[in-house]
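Here are my notes on the two-chain model you sent.

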Amino acid sequence: MEHYVVTYDIADDKRRMKVFKTLKDYGTHVQESVFEVVLTTEDYVALRHKLLRRIHRDEDSVIFYRQCRACENDVERLGRKVELVGIGDIVL
Amino acid sequence: MDTDNREYLPVSAVAEVLFCPRNFYYRAVEGAEETNHHMLEGRFQDERRNERRTRSDDGRVQTRQVFFSSESLRLRGVLDVQGLLLEEATSREVGYGYVYYVASAERRQVFFDESLRETALQALAAARAIREAGEPPPLSSVPEVKCKGCALAERCMPEESAFLTGAQAAPRRPTPGSNLGRTLYLDIPGAALRKRQGRLIIEADGQMIKDVPLSAVDQVVIGQAASLSSAALSALSDLGIPLYLMEHGRVRSWLQPNWNKNVPLRRAQFRFVESESQSLAVAREIVRGKILNQRTFLQRGNRERKIDRILSAVERLEGLAAAAKEAENKESLRGLEGLAGRLYFSGFAKLLRPGEGFDFASRNRRPPRDPVNALLSYAYSLLTKDCINVIIRAGLDPYLGLYHCERNGRPALALDLMEEFRAIVADSVVLNVVNRGIIKESDFEPVFDGIQLKDGGRKRFFGAYQTRIREEAVHPVFGYRANYLRLMEIQARYLGKVMQGEWPQYDAFRAR
């Protein structure tokens, strides 16, 4: 399981929507153009593949910042709370 | 095994057998479908490469993919480089091909000389032999270095096998498991579970209350009547995510996809269960493990309190465990187990903190008549569910047990596997939620002729159970640490390998 902060900058509205929807299938939308994803290596490979197919490589940009175990605990969050998915159970 | 000799093999068989005969066995005979990121990466690269399938350059045609089959070799498949099929199909000699290495972006020419042809034909013969034998080729046929990053390591357990056959020191860490046990627990009456793109949407009273990526879920548990869309069920099937329906705290039904193709293993299971001596040996070990873990559990709880009654129970349990190892038949094992159970639960009652309103005298059930019994029953149901989960993952049939009998359609093998984890996992959660006040007397309500947890309490109890299942313990044989869910799966696979005759004798999980 790896934890990534994913940011994106997409030149075209339609493509941006597609990238947004793709990321939504894998993680938590935490801020405008920012997702946090907690994924198995297999899901990470699948997500990267899907994104590569959707973006235009000369105009758009998607960045995965991998969070190491230590960095994960070193994050400070102010303001609005977001509940990250992918880490543990969801009890409803 | 009665396989059809005329059957066509996939062309990948040649490469698979050359890479690892066990890999070929698991894929071709057991129908294993496990993938890992290396394989996915390769598949996606192929996909990207094949998007432009054919291209015409100065009159010559370059084709990226062709489907071929060969009558004389009984092979079929999509080819990139294989020459033997191409020769038969075109009746022309193919002198060479190219291998493209994705990682280094290099293309290398390969000449189809006699020795290469010979290797391919020998591999093909080996593949057919493995298929006919219908059992895993010995581990000694596999160079160790190939197991690193193998998608089938979870099934094959190469390090553990090497250790048990004395070829290697104990493995330092368990083969990584792909079952992380992240559970979506839905216990809202009338809720709806639907799929939207790659996500599960949960609605209650017409409002969306949760939106969860499927990639974040390894298991779904439905606690109360809910409606499930067929699209959601298909998605769970495709992804191999099991779903369990619980009713009144018991497992009613389940949907567990993709793991039951392993016919040779289940054949071995049926043969094993039918052999009185073999199944008795394992049953003895299961009961011995259960009693020893009951003893350890009482000992841990009594470490500071030193209650006399528990001290003497601990001693007697030790004796009963030893007797279980010598039991002459399953009937006398059941007697020993019952004796141990009464001793153990009288000790367990003493560990419950007094004054919490939880009076517990002895075990009763169907339905449980007091809060502690209600909690125990619920904990055992959750444990049964996880045992069913790991047993099916291991490819075994959960209904055919070797100690419990299959009457009333009980998942007998799950109940067998569960014995060694009852005290350490389930009873431990119960003691914890009672003594720490996580569950109170007010969390219960009377039902027809017993008592049950109310909705809120059930959720809190489920949370406590999940916490326990993720705690780690040391495996008694392999010596490494793993969480309880993983340990249960390792035990299920252990059982499978004993049934198939790959590993010598079964050793129950024992807490240290």
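1. B:Lys210 makes a salt bridge with A:Glu83, with 3.1 Å between the closest N and O atoms. B:Lys210 sits in strand S11 of chain B and A:Glu83 in the loop between helix H3 (69-72) and S5 of chain A, so the pair joins two chains. A salt bridge here is a side-chain nitrogen of Lys or Arg within 4 Å of a carboxyl oxygen of Asp or Glu. Helices (H or I, at least four residues) and strands (E, at least two) are DSSP runs, numbered from the N terminus.

2. Keep the ground rules in mind. This is a predicted model, where local features need pLDDT of at least 70 and side-chain atom pairs count only at pLDDT 80 or more, while totals for chains, interfaces and linings use all residues. Residues are numbered from 1 along each chain as its sequence is written, chains are lettered from A and ligands numbered from 1 in the order written, and side-chain values use heavy atoms, leaving out hydrogens and water.

3. How many salt bridges link chain A and chain B? The count is four. One of them is formed by A:Asp25 and B:Arg199, whose closest N and O atoms are 3.4 Å apart. Over all chains the count comes to 34.

4. On the chain A side, the elements giving two or more residues are helix H1 (13-24), strand S3 (34-39), helix H2 (41-54) and strand S5 (90-91). H2(A) gives the most, with nine residues. By class, this side has twelve nonpolar, six polar and nine charged residues. Ala, Val, Leu, Ile, Met, Phe, Trp, Tyr, Cys and Pro count as nonpolar; Asp, Glu, Lys and Arg as charged; the others, Gly among them, as polar.

5. In total, 27 residues of chain A contact 34 residues of chain B (heavy atoms within 4.5 Å). The buried area is about 2500 Å², with carbon and sulfur atoms giving 57%. That is accessible area (1.4 Å probe) lost on putting the two parts together, summed over both.

6. S5(A) and strand S8 (residues 183-186) of chain B run parallel, joined by two bridges. A:Ile90 stands opposite B:Leu184. Strands pair if DSSP finds at least two bridges between them. The open sheet has five strands in the order S5(A)-S8(B)-S12(B)-S14(B)-S15(B), with mixed pairing. S5 of chain A and strand S15 (250-255) of chain B stand at the edges with a single partner strand each, so one side of each has no neighbour in the sheet.

7. A four-strand open sheet in chain B runs S11-S10-S9-S13, with mixed pairing. Strands S11 (207-213) and S13 (227-228) are its edges, each with a single partner strand, so one side of each is left without a neighbour in the sheet.

8. The UniProt annotation "binding site", from an unreviewed entry, covers B:Glu337, B:His404 and B:Glu419. They are spread over 83 residues of sequence, yet cluster in space, with a largest C-alpha distance of 12.1 Å. Such annotations may be inferred rather than shown by experiment; positions follow the numbering used here, and feature names are shortened.
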